[in-house]
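Good morning, and thank you for coming.

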Amino acid sequence: MSHPIPRLKRSPRRSPKRTAGAAVAAACLALTAACSGTGEAASGKGKIVEDAGPPQDGGVLHTAATADAPSLDIQKEASYMTHVAVGTVYSRLVAPKTGKDIPYGSSELEGDLAEDWSKSEDLKTWTFNLRKGVKFHDKPPVSGRELTSADVECTVDRIKSLPGHQLGLVADVKKLETPDPYTVVFTLASANTAFDQTMANPFMAILPCEGTKGEFNLAEEAIGTGPFVLKSWKRDQERVMEKNPNYFIEGLPHLDGIQTTVLPDAQAQIAALRSGKLDMISSLSTEKRQVDQLLSQIDGLQLRTEKGITQTRVFMNAEKGPFSKLGVRRAVAHAIDKEGMIKALRSGGTLTGPISPTLFGALPQDEVEELLEYDPEKAKKLLADAGYPNGFEAELVATDGYGETILREAQWVQEDLGKIGIELTIDQQDYATYVSSTWPEANYDIMYGLQTPMLTADEYLTSEYTSAGTRNWSLVNDPELDKMVAAQRVITDEAQREKALQDIERYIMENVSTPLPLYAYDTQTLYSGKLHDYYPHPDYSSRELQSMWMEQE
């Protein structure tokens with residue numbers, strides 16, 4: 001069973017990483033020894049079945065979620081859970097490619113709603129030509145009508161009207177024109193070398209005008225043009241999707257539907273997988289021993305691991321309390337044993353700066369390791385120099401909405417900071433409170449959790465680290481950093497832009513240090529041997545499910 005973390009003034013000194021032998025094994029939630037990068041278990045179990053034959057149509061995919069979406073409104077919710085919940089309902093102008101020969105996390109794009117697109121020589125005008133005959137789902141009040149350029153305009157207009165996190169994606173759009181029903185022209189205030197990457201962001205899913213104008217409630221209903229139609233949603237219980245019979249990509253999807261059951265407890269997910277009630281579980285939080293058992297007990301069970309881009313983070317409020325001092329934030333950076341955390345609690349991971357290590361512009365790994373070096377003595381000195389030689393007390397906010405592993409990591413941070421004199425009490429919050437008010441309203445001093453993975457360096461930097469950033473929930477206010485981030489957006493030479501991005505990362509880690517990234521963890525998924533052609537992408541839209549298929553009896 002899952003156990004909530006205790007609200008203690010200091011961590012128990014029987015921490016999983018501090019004891020030996022069996023205790024360490026019990027704490028190892030990771031799957032490191034269970035699989036290799038190709039998805040094959042060390043024992044030979046867990047092998048991914050390639051070339052299983054031509055895809056078959058039919059079948060319902062049964063999967064699980066650790067928490068439900070706070071609402072279905074993708075423009076009002078920053079929550080990863082919202083976008084996972086309805087990602088297959090919507091489409092974008094363009095989207096990242098996925099497939100057998102496409103590397104995980106590739107930034108290579110293909111048309112989604114757009115048949116093709118082009119950019120002007122000065123990189124300020126981008127034109128997208130829409131597919132003709134794309135139909136919205138046949139649900140009132142949209143009722144299966146054709147998508148047009150007006151829906152793109154309605155979507156962008158609504159984003160600009162909301163004080164939300166997505167505003168930064170279109171803030172530079174000076175003008176949007178729709179010269180005909182199938183053409184959309186964006187005019188930007190400044191050159192942007194990768195505006196198509198921005199349009200591929202899952203937050204840029206295109207809504208019908210009926211939704212943006214309030215003719216139905218986007219918080220409780222989702223109507224798009226994607227491969228699956230939302231049939232029903234029982235909050236905190238289940239979501240049911242069914243195949244879109246009028247999907248614009250011929251022959252897709254193969255599945256008849258997807259049923260997602262909300263199961264916060266990892267052990268309940270494991271039991272359901274073992275009994276055949278679930279076909280797939282992701283972001284597994286369990287012991288290596290249990291994974292080995294599942295691989296040996298369930299015939300044909302497949303195991304996929306990928307180098308992830310989702311970052312574990314320590315968020316510190318830069319405007320109030322002890323964490324408003326840079327010296328304190330740098331002390332935190334050096335006080336946490338990040339490599340130990342990865343080995344004990346994850347299937348693998350890579351230390352990261354503000355830009356995830358697999359993305360263009362990321363710092364070389366040796367520099368990241370130096371800037372995040374685990375050095376408790378250095379941390380103590382930084383803390384003393386900042387005016388806290390005897391440390392201080394604070395509350396560490398965490399949520400159970402990300403699963404048990406995150407709570408264990410919060411305990412780990414609690415113990416490590418306790419060793420340099422920062423005594424933390426853990427405030428475990430429900431996911432809705434955490435993601436809807438505590439975090440975006442900066443109602444915290446220090447917090448531990450995840451950041452929804454972003455797909456470009458510019459998105460990370462612009463949204464989180466600039467003073468006007470739409471996800472600047474650590475309240476960073478550094479005019480020099482604002483200038484640096486703005487300047488890199490207009491650099492057209494790739495090598496020069498990469499250098500500028502890396503210079504920004506160094507500046508952030510040395511002079512800002514919040515939000516403080518720790519590592520990007522590897523992802524892992526266990527799924528049934530009857531499922532094939534599962535080639536995920538970290539953009540969290542689940543678009544890859546349109547190509548997955550299931551063997552039929």
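Predicted model: local features only at pLDDT ≥ 70, side-chain atom pairs only at ≥ 80, totals over all residues.

**The cores of the protein**

The largest nonpolar core has 61 residues, and within it Tyr90, Leu93, Phe128, Phe186 and Met199 touch the most other members. At least two residues of this core come from each of the following elements: helices H2 (80–86), H3 (149–161), H4 (167–170) and H5 (195–199), together with strands S5 (125–130), S6 (173–180), S7 (183–188) and S8 (228–234). Another core, of 57 residues, lies apart from it, and its members include Met81, Ala333, Met341 and Trp439. As background, nonpolar side chains in soluble globular proteins tend to be buried together.

Which residues does Tyr90 touch, if we set aside those up to four places away in sequence? Among them are Ile74, Ala205, Ile206, Leu207 and Leu218, and also Glu221, Ala222 and Ile223.

**The protein as a whole**

Let us now step back. The protein has 17 helices and 21 strands. Its C-alpha atoms fill a box of roughly 65 × 55 × 40 Å along the principal axes. For 553 residues, a compact globule would have a radius of gyration near 24 Å; the protein has 23 Å, so the value agrees with that expectation. Of the 553 residues, 59% are buried. If we consider contacts between residues at least 6 apart in sequence, 71% of them join residues at least 24 apart.

**A covered helix and a buried tyrosine**

Helix H15, residues 457–464, is mostly covered, with eight of its eight residues buried. Those buried residues include Asp458, Glu459 and Glu464, as well as Tyr460 and Leu461. What covers the buried residues of H15? The covering elements include helices H4, H16 (479–488) and H17 (494–511), along with strands S13 (311–316) and S17 (446–451).

Tyr431 is located in helix H14, residues 431–438. Is Tyr431 buried or exposed? Its relative accessible area is 6%, and therefore Tyr431 is buried. Beyond its neighbours within four places in sequence, Tyr431 is in contact with residues including Asp68, Pro70, Tyr80, Met81 and Tyr402. By contrast, Gln197 and Tyr431 are 29 Å apart in space, C-alpha to C-alpha, and 234 residues apart in sequence.

**A buried charge**

Asp265 sits in the loop between strand S10 (257–262) and helix H7 (266–275). This residue is buried but has no salt bridge, and the nearest side chain of opposite charge, that of Arg408, is 9.0 Å away. A polar atom of the Asp265 side chain does, however, lie 3.2 Å from the backbone nitrogen of Gln267.

**Backbone details in the loops**

Pro140 and Pro141 are joined by a cis peptide bond, with omega about 5°, and Pro141 is in the loop between S5 and H3. Thr514 and Pro515 are also joined by a cis peptide bond, with omega about -10°. Pro515 is in the loop between H17 and strand S18 (516–521).

Leu123 is not a glycine, yet its phi is positive, at about 65°. Leu123 belongs to the loop between strand S4 (114–119) and S5, and with a relative accessible area of 11% it is buried. Asp236, likewise a residue other than glycine, has a positive phi near 65°. Asp236 is in the loop between S8 and strand S9 (238–243), and at 53% relative accessibility Asp236 counts as exposed.

How values were computed:
Residues numbered from 1 in each chain as written. Heavy atoms only, no water. Core = buried A, V, L, I, M, F, W, Y, C linked by side-chain atoms within 4.5 Å. Buried < 20%, exposed > 50% of the residue type's maximum accessible area, 1.4 Å probe, protein only. Helix = DSSP H or I, 4+ residues; strand = E, 2+ residues; numbered from the N terminus. Contact = heavy atoms within 4.5 Å. Lys, Arg positive; Asp, Glu negative; His and termini not counted. Salt bridge = Lys/Arg side-chain N within 4 Å of Asp/Glu carboxyl O. Polar contact = N/O pair within 3.5 Å; in protein donor to acceptor, adjacent residues only side chain to side chain. Rg over C-alpha atoms; globule rule 2.2 N^0.38 Å.
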